[in-house]
Amino acid sequence: IRRVAKDMGLVGEEMDAATEKLLEELFAISFEPLTHQGPYDYGTSDMSLRLRDKGVTLRTGGFVHTPPPVSVFFHRKFGGIHLLATKLKAQVDWQPIMTPYLEN
């Protein structure tokens, strides 16, 4: 996770272990729908609340980093999909959708 986050410009070069742990937890939560076995139920998920709480903890802990525009764009699109799916109370099985794009 650290390498991908760094490659995308989501984190800088140096960070303390506590911040790195929080970021890993935040990324794990955000990818929960993609790693979930079977349909992910956005209507009953509390993922947004957990992401908000981790983000607040990061910010109040002094984490400040502005990622490059392409990463911000990706983040907004990913977040928008989540918000729409939550509003629609969608149940989405991401594994068959994503697997063809993740295979080597």
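Trainee: Which residue forms a salt bridge with R52?

Mentor: D53 does, with the closest N and O atoms 2.9 Å apart; a salt bridge here is a side-chain nitrogen of Lys or Arg within 4 Å of a carboxyl oxygen of Asp or Glu. Before going on, keep in mind that this is a predicted model, in which local features need pLDDT of at least 70 and side-chain atom pairs count only at pLDDT 80 or more, while totals for chains, interfaces and linings use all residues. Residues are numbered from 1 along each chain as its sequence is written, and side-chain values use heavy atoms, with hydrogens and water left out.

Trainee: How many salt bridges does the count come to?

Mentor: By this rule it comes to 5 salt bridges. One of them joins the side chains of R50 and D46, at 2.7 Å from N to O; R50 is partly exposed at 25% relative accessibility, and D46 is partly exposed at 38%.

Trainee: And what does E25 pair with?

Mentor: E25 forms a salt bridge with K21, where the closest N and O atoms are 2.4 Å apart. Both residues lie in helix α2, 4 residues apart, which is about one turn of the helix. E25 is partly exposed, at 23% relative accessibility, and K21, E25 and K54 are linked in a network of salt bridges.

Trainee: Switching to packing, how do the axes of α2 and α4 cross?

Mentor: The axes of α2 (residues 17–30) and α4 (residues 47–60) come within 10 Å and cross at roughly 160 degrees, so α2 is roughly antiparallel to α4. Angles under 35 degrees count as roughly parallel, over 145 as roughly antiparallel, 65 to 115 as roughly perpendicular and the rest as oblique. The axes are lines fitted to C-alpha atoms over the stretch in contact, with angles from 0 to 180 degrees between N-to-C directions, and helices are DSSP runs (H or I, at least four residues), as strands are (E, at least two), numbered from the N terminus.

Trainee: Which residues of α2 meet α4?

Mentor: From α2 they are T19, L22, L23, E25, L26, I29 and S30, and they meet M47, R50, L51, K54, G55, T57 and L58 in α4. The residues of this contact divide into 7 nonpolar, 4 polar and 3 charged.

Trainee: What is S30 in contact with, leaving aside its neighbours within four places in sequence?

Mentor: S30 is in contact with M47, L51 and F78, contact meaning heavy atoms within 4.5 Å. S30 counts as buried at 13% relative accessibility, and T19 counts as buried at 12%.

Trainee: One more thing, what is the phi of K89?

Mentor: K89 has a positive phi of about 55 degrees although it is not a glycine. Most residues other than glycine have a negative phi. K89 sits in the loop between α5 (69–87) and β2 (91–92), and K89 is exposed, with a relative accessible area of 59%.

Definitions and conventions
Ala, Val, Leu, Ile, Met, Phe, Trp, Tyr, Cys and Pro count as nonpolar, Asp, Glu, Lys and Arg as charged, and the others, Gly among them, as polar. Buried means under 20% relative accessible area, exposed over 50%, partly exposed in between (1.4 Å probe, protein chains only).
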